[in-house]
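Visitor: I'm new to reading structures. Could you walk me through one?

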Amino acid sequence: MLNFREEVTKLIKSEVDVLTEEEISALIEVPPSYDMGDYAFPVFRLAKAFKKAPPMIAEELVPKFGDNEYFERIENKGPYLNFFINKGKLTEVTLNEVKGKQAKYGSSDMGNGKTVIVEYSSPNIAKPFHIGHIRTTVIGNSLYKIYTFLGFDTIAINHLGDYGTQFGMLISAYKKWGDKAVIESDPINELLKLYVRFNAEAEEHEELRNEARYWFKELEDGNKEAVELWQWIREISLKEFNKVYDMLNIKFDSYAGESFYSDKMPAVIEELKEKNLLKESDGAFLVDLEEHGMPPALIMKSDGSTLYTTRDIAAAFYRKKNYDFYKNIYVVASQQNLHFKAWMKVIELMGYEWANDCVHIPFGMVSLEEGTLSTRKGRVVFLEDVLNTAVKNTLNIINERNPNLENKEEVAKQVGIGAVVFQELFNQRIKDYVFSWDRTLSFEGETGPYVQYTHARISSLLERGKFNIEDNVNYNLLNTEEEINITRLLYDFPKIVVDSMEKNEPYFITRHIVEIAKAYNKFYNSCPIITDDIELKKARLMLSFGAKTVIKTGLELLGMEAPERM
Ligand SMILES: NC(=[NH2+])NCCC[C@H](N)C(=O)O
């Protein structure tokens, strides 16, 4: 697609020899409002070469540019050159591109097939999949889609917490109080009960902790009973998690969790020893990170069992070898900042430069507005319940607003679940936020249902107006402020997608499609679209099609559906 910023660069370059195109491009600014131009170029850097005061330079440059098909005006204001895009051209370029690429508009091959691993969700088996897990799941899924859209070969990994001392606890607890049939009837809850009971009793009876450690060690050493129990627990838990993943329409390429690395850790420990990085302390082994301002990274306990950190190091090695990643991304809560910093440092100390290609993408916490979510069994709020409640509440709303809608149940799922996803992706990752039902499910304001509703509204309109994508359109007719505003947002979309990839921030997309929806509704309310003026109608329908296409792609990149009717 024609890039107007590049056109500004070329124009300036044609008159200014002392700067390279890169230097010029880096100096170009976007003014705070469009009445000051679409792009601005400050000429200060030219003062020395031109031996003149900046305002003079700007003034003298303007007439040299002459007429230009991409800019309707070029002006000087003090030391600035201001460029005003030719709006007819902008509309033509943008809508032709959307028309040509449709669902692929905004995509690119910039990733060049390089491998990006996105690790996300990674719940702990036998512990509840609760509201806290929603952020990693939803952010990770969106990043996965964004990288894929930009031509990376993307791998989604669920690093299941399927190993560690908690399994020692579960095995002990099961052997004492467990009942297979009861557990299979409601795995997550029943396993949670066992886990909670074990911890409570261990408060009183310290020796239970030793028993748990013993069983985890047995598991690591391949004790048949322990391994079989562990496999069974893993399997029934995974089945439950998959219910939630199905609701969210999320798939993983790999479920290689912590246990997968159990036989890959000895080599890591060996290498650490060889490289003189391992220190013994009370029979345990650790890597001293004091010099790097961190507490030591514990690699092996005195009984020979391994830790979370050891497994992460082994996993990174495995991924490097198996996928030769360009980037290895971990979408994990900011509470684990230190954990990631520490083990990545260990790999760096081992002499591997690719440690820098491992990136922790942290996020803040979700808290619950007082009384907004009912809790089942104690204080844990299950993700599945949240999603089900969202669907149920949305169905109630649809029954009020549009009782005759076809496929009501299906739409309620798409909108209810989408609303939760959207809410999660509305703010900068790192911000903590408070979950509120009212805000999440509202059809008004900056919400998922609002954006989806706008999309559905455009769909019906295109149908009513008998939109035909093959129609030739006179783009110059789309010249009201409302129309230009939409066009600009559509034009910016591909860049927004790239920005969100570079910063690993899906919320750029969330905010952008909200802006498109708002701009569209403003246009819809102030400009007649299905009018008797056939040419105008064709042009406005094409613009509507552009808005619909980009909203839909944006929703998809967030991991949401875009129903045609609501
Ligand atoms: N590679 C990793 N450590 N990923 C994060 C795992 C998250 C962990 N299972 C938890 O729920 O807290």
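Guide: Leaving out residues up to four places away in sequence, I513 touches V451, I551, G554 and L555. This is a predicted model, where local features need pLDDT of at least 70, side-chain atom pairs count only at pLDDT 80 or more, and totals for chains, interfaces and linings use all residues. Residues are numbered from 1 along each chain as its sequence is written.

Visitor: Is I513 buried or exposed?

Guide: Count the other C-beta atoms within 10 Å of a residue's own: 20 or more is buried, 12 or fewer is exposed, and in between is partly exposed, with C-beta atoms placed from the backbone. I513 is buried because it has 29 C-beta neighbours inside 10 Å.

Visitor: Which helix holds I513?

Guide: Helices are DSSP runs (H or I, at least four residues; strands are E, at least two), numbered from the N terminus. I513 belongs to helix α20, residues 507-526. Its C-alpha atom is 9.1 Å from that of A547, although 34 residues separate I513 and A547 along the chain.

Visitor: What surrounds the ligand?

Guide: Look for residues whose C-beta atom, placed from the backbone, lies within 6 Å of the molecule. Here the ligand's surroundings are E119, S122, P123, N124, H159, G161, D312, Y330 and V332.

Visitor: How far apart are domain 1 and domain 3?

Guide: Domain bounds come from an automatic or database assignment. Domain 1 covers 4-85 and domain 3 covers 385-558, and their C-alpha centres are 36 Å apart.

Key
Contact = placed C-beta atoms within 7 Å.
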